[in-house]
Amino acid sequence: MMHYHDRTRAAALLFALSFVSPPAAAGPAARGAGDDGAAKTTEETVFTQWTTYTTADGLASDKVFCVLADEDELWAGTDRGLARLRDGKWKVFSKDDGLSFPVVSCLALSEQTGDLWIGTFGGLSRFSGGRFDTFNQLDSGLVNDVIYGLTVVGDHVWVATSAGLSRFDVKADSWQLFSHENTVMHEPWCYGLTQAPGLLYVAVWGGGVVEHDLARESWKEYRDPDQEMEIDLLRDDGLIHDVTSSVSWADGFLWVGTYFGMSRYDGKSWRSYLDHDTGLPSNFVNVVRAQGRAVWVGTDDGLGHFDGARWTVYRRDQDGPGGTIRIAEEDGTERVLASANAIAHNFVLGLESRTDRVWVATAAGLSVGSRGAAPAAAAGGGR
Amino acid sequence: MSARAFRPAGTARLLSVAALLLAAVATGAPQDAGGQGYTEQGTYAGTPEAFVPYRHSGPVYWHFYEAPPPFRGTGRLTAPPTGLRSIKIGLIAPLEDTADTDIGRSMYQGVTLAIEEANRADGFRGVLPYALAVRNDSGIWGASSNTFVELAWRDDVWAVIGSVDGNTTHTVLRVALKAELPIVNTACTDPTVTETAIPWILRCYPDDRQYGYRLARAVFMERGHERVAVLRANDKYGRMGVKEFTDAARRIGHPLALEVRYLPGEQVFERQLERIRRAKVDAVVLWSNAQDGARILAAMHAAGMEHEVFGTERLVSAAFLAQAGAASEGVVAVCPMNVEETNAAWDDFRARYSQSFGDEPDAFAAYSYDGTRILLDAFERAGLNRVRIRDELAALETYEGLAGPMTFDPTHNNLGQIHVFEVQGGRFVHVAGP
């Protein structure tokens, strides 16, 4: 078996610990701080225990695009169906069960109704009361069936598609389309969504980031200031690149993933993160996940965590099951720790996180990380 | 093939980094600025020095596209499936209900000829025939992503060829990243298509950067014009295409006097032509397809406008000459190959093509044939594994095609060789090389 499995431990880790909402932090995170802003030692902040699920455990496919953790359930969207972990067992949902299409790219939960919204490459599905309802471009107001992002704001389900942004008012049963025709969007290719208080942010492929004021129904665009694809003219002058892949907001910080690095916007100024000048694992950022004032970053070459001062990068060794944890401090010091187990694969596609838990969707399975005993320092660490 | 010309590392690059760092310190710039550049391998996309953006602004903080984007995902060990009866390849091209059906037909015929010839030579490794799954590119937002999903997950194709439209190509590329399906593009000129860092595309057809640079040289440097207007299609082709020409013109001291748009398919151009006349320009650059360009030229001709007119590669076609008639005389256009050149391989291809389809091949047909051959060669080397097929395409550095020599940059984009033609006596005559 190529990947690490420990179903007993996984079940224990998943359900023995209660989920804790990240508290709001008042100021910039201290060096070595945890996601809650409190100073912690390295051993308290790094995730050293990893458990991986694959098809051998009941997943629909090892290629996992997205993950969502509910109170007592874990959902995984793969290229061959939707899977749910409940009571330690995986159940796979397919088209036969009512899922609109087997390629599941994104998931969102309605806090009001508890409904699970499922974005696929063949339409939108809603899982409610054990039943799937399907919405597609032929039988609803959904603008396009190829869906990349979802978020639920009250009664509104926002859907990012290849041809624009659709908003479904669940109560009114009505749809509205937002695209380059009626907003400031440079292009209608919408790939990621996130909420901030009163705001919605959209990652627009080739169009940077668009901010939507939900109350005023106004739109604002953030673009790469140099307007040249091949360069970043000045560091921290704005969004690093117009080709954006993911957005996530928490505690005053908007994080933007691109295939050319990562950007952070605090409402006033931008900060850029590239793999040569920070601890970012790779410039090819598939997904960002804000948590408190920190961020998890899923790249094509590992999983990163940045708390405002310290970068922690998790990678699996080529032959597994172990890996390394590279910790880079703000002052330039760096340590590499060895871990007995690691994420399923370094190609990270989706993320979900809580204070003491992170779920990592990868190209070779779904991994669950938690904190544990301090790993040993590996050779080559420190400088 | 030869060794890749673009290397991201090495002594020369380290020296250039050191030199730039020293320069940054000397000028008081931040020490981490300008950490790399194109000193070793020249400018990005072969951009002439005079056209390089921000070249007077000091060190650029970071240059992207210096190294080929890797694919670090899984799949290289995936075994080929059993029970296959053919190797399916997808083709997305504008074949009906669009203004680009001429291009689509050329693409289809070029691809078809390459596949038929491969099958007559016993197909994939002598054991399986290739088959084409053809889809129309309607150019409608979103439709192409649905089409690509069908090809990837319903038709189970091993790779896709296409398309022309920049919107279509971008949307299918984004799906390709999830589907992990190689794309060979043989007709799209939107420069940004290969500038997304998605490692699943190879484009063999030169893009509008190259046409823009070559046109700027022809218009301002070779023909000495100073005040120029652009009349362009108000669509993605016109919007993205004209950018590099406009930027290049500005960077050499000739900012456009006027940029005016028309809607694709528009029949009357009085409003646009009046604005051009008032701008008192001495040349007009058309960024249009053949049909629109022919109508514009006819309108200019009827209005007595005698400006020298320049155009993109889409004008270099029999359809344009037939429709524009006498109004096309003197039009100067760029083309990604020298269709006048005579050599045995091209002559033989023309004969085979004409025999199969009853008409003459154009650049789109030639590039589509070449792109298909590149893909089939990758199949032969890689076997039936999508990631390995991608790896083979990504490893391609140069290729001697029927359309001419190809040089792929780190974004897997053929920089090509752009020629200049002029309509003389009712036909396009080669007047300048790359």
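# A walk through chains B and A

Start by selecting B:Y367: this residue is buried, because 30 other C-beta atoms lie within 10 Å. (Buried means 20 or more other C-beta atoms within 10 Å of the residue's own, exposed means 12 or fewer, and partly exposed falls in between, with C-beta atoms placed from the backbone.) Before you go on, note that this is a predicted model: local features need pLDDT of at least 70, side-chain atom pairs count only at pLDDT 80 or more, and totals for chains, interfaces and linings use all residues. Residues are numbered from 1 along each chain as its sequence is written, while chains are lettered from A and ligands numbered from 1 in the order in which they are written.

**Around B:Y367**

Colour helix α11 of chain B, residues 363-382, and you'll find B:Y367 in it. (Helices are DSSP runs of H or I with at least four residues, strands are E runs of at least two, and both are numbered from the N terminus.) Which residues does B:Y367 touch, leaving aside its neighbours within four places in sequence? Show B:T186, B:A187, B:C204, B:Y205 and B:A403. Contact here means C-beta atoms, placed from the backbone, within 7 Å. Now put a distance label on B:Y205: its C-alpha is 6.3 Å from that of B:Y367, though 162 residues separate the two in sequence.

**Zoom out to chain B**

The C-alpha atoms fill a box of roughly 70 × 65 × 40 Å along the principal axes. Chain B has a radius of gyration of 22 Å, which agrees with the value near 22 Å for a compact globule of 434 residues. (That radius is taken over C-alpha atoms, and the globule rule is 2.2 Å times the number of residues to the power 0.38.) Of those 434 residues, 52% count as buried. Among contacts with a separation of 6 or more in chain B, 70% join residues 24 or more positions apart.

Most residues other than glycine have a negative phi, and most peptide bonds are trans. Select B:A197, in the loop between β5 (183-185) and β6 (201-203) of chain B; its phi is positive, near 75°. B:A197 is buried, with 22 other C-beta atoms within 10 Å. Next comes B:H412, in the loop between β13 (404-407) and β14 (419-424) of chain B, with phi near 65°. Is B:H412 buried or exposed? It counts as buried, because it has 25 C-beta neighbours inside 10 Å.

For a cis peptide bond, go to B:G162 and B:S163, where omega is about -5°. B:S163 sits in the loop between β4 (160-162) and α4 (166-179) of chain B. Chain A has a cis bond from A:G320 to A:P321, with omega near -10°; look for A:P321 in the loop between β26 (311-316) and β27 (323-328) of chain A.

**Across to chain A**

Bring both chains up: the contact takes 37 residues from chain A and 30 residues from chain B. (Strands pair if DSSP finds at least two bridges between them.) Click A:D232 and its bridge partner in β1(B), B:W62.

Last stop: β30 (357-362) and β31 (365-370) of chain A, antiparallel over 6 bridges. There, A:V360 has A:S367 as its bridge partner in β31(A).

Terms used. Two residues are in contact if their C-beta atoms, placed from the backbone, lie within 7 Å.
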